[in-house]
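Take a look at the model below.

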Amino acid sequence: MKIQVLIENKSRDEALGCEHGLSLYIEALDRRLLFDTGASPLFISNADKMGVDLSEVEFVIISHGHFDHGGGLEAFLQLNDRAEVFVHPLAFGNFFSKQSNGRLRYIGLDGQLEGRRQLVYTTDRFTITRGIRLFSKVMAQAPLPSSNRDLMKKVKGRLEDDDFAHEQNLVIEEGDRMTLFSGCAHRGIVNIVEHFHSIKGRYPDVVIGGFHLAKGDEDRESDEDIERIASFLLSTGARYYTGLCTGRIP
């Protein structure tokens, strides 16, 4: 498996742009995938500099309905008219972030994309092709990230807390090796990994993605919660690669 980070919050390479968002290019099982498209077309510019030909991508997975994971989708569709784009049926909801001044900021996807022919709407457990699958409907056995606060959705004109039913996760199986990809883990990384276990009867070998443990360096989960989460993750025996909304945890 080959994984290249096309966009992330930060970059070590001055030649590559960065923004609040995520996009991963994946080659596995003789397939080319894109996991999220960042907040803007910036990931396309980075891909060009990294020698990644996005016109060859076959499958695109949008992890959830926030702009920082699907904001670059329109630009991608302009250069690739063949790839199938897998989105949760609830991903085009009206999602908002409550700002410190009390105002609401729209953070959802571009609703004009909802009817595009390349979109494929997924189910709770969905097979894209052999060895490449999605799952959602993660049960909240452990607490959800406290940094979900102020993330809202509007349903029938009524504002309520977002339950992130629109979030989905990617699993790639190569032989007996399983890799789990999460976008932001709004449903809780512990819950997501446990849900994986309930499906597969084992823990993944590798987990990659954001864990949503912080909104900036000052606004993060408590030390006790971080210790609880870390202890569980260590107990699974998986290797974890994270960034994006995880925050810098000392």
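Which residues in α4 meet which residues in α5? This is a predicted model, and the contact can be read off by residue. On the α4 side are Ile189, Val190, Val193 and Glu194. They meet Ile229, Phe232, Leu233 and Thr236 in α5. By class, the contact of α4 with α5 has 6 nonpolar, 1 polar and 1 charged residues.

Now the geometry. Helix α4 covers residues 189-200, and helix α5 covers residues 223-236. Their axes come within 10 Å and cross at roughly 25°. Angles under 35 degrees count as roughly parallel, so α4 is roughly parallel to α5. The crossing of the two helices, α4 and α5, is left-handed.

Next, the backbone. Lys137 is not a glycine, yet its phi is positive, near 55°. Where does Lys137 lie? Lys137 sits in the loop between β10 (132-135) and β11 (151-155). Is Lys137 buried or exposed? Its relative accessible area is 56%. Exposed means over 50%, so Lys137 is exposed.

His212 is another residue to check. Its phi is positive too, at about 50°, and His212 is not a glycine. His212 is placed in the loop between β15 (206-210) and α5, the helix that α4 meets. The relative accessible area of His212 is 7%. Buried means under 20%, so His212 is buried. Lys137, by contrast, is exposed.

How values were computed. Residues are numbered from 1 along each chain as its sequence is written. This is a predicted model: local features need pLDDT of at least 70, side-chain atom pairs count only at pLDDT 80 or more; totals for chains, interfaces and linings use all residues. Side-chain values use heavy atoms; hydrogens and water are left out. Axes are lines fitted to C-alpha atoms, for helices over the stretch in contact, and angles run from 0 to 180 degrees between N-to-C directions. Helices (H or I, at least four residues) and strands (E, at least two) are DSSP runs, numbered from the N terminus. Angles under 35 degrees count as roughly parallel, over 145 as roughly antiparallel, 65 to 115 as roughly perpendicular and the rest as oblique. A crossing is left-handed if the near helix is turned anticlockwise from the far one by less than a right angle, and right-handed if clockwise. Contact means heavy atoms within 4.5 Å. Ala, Val, Leu, Ile, Met, Phe, Trp, Tyr, Cys and Pro count as nonpolar, Asp, Glu, Lys and Arg as charged, and the others, Gly among them, as polar. Buried means under 20% relative accessible area, exposed over 50%, partly exposed in between (1.4 Å probe, protein chains only).
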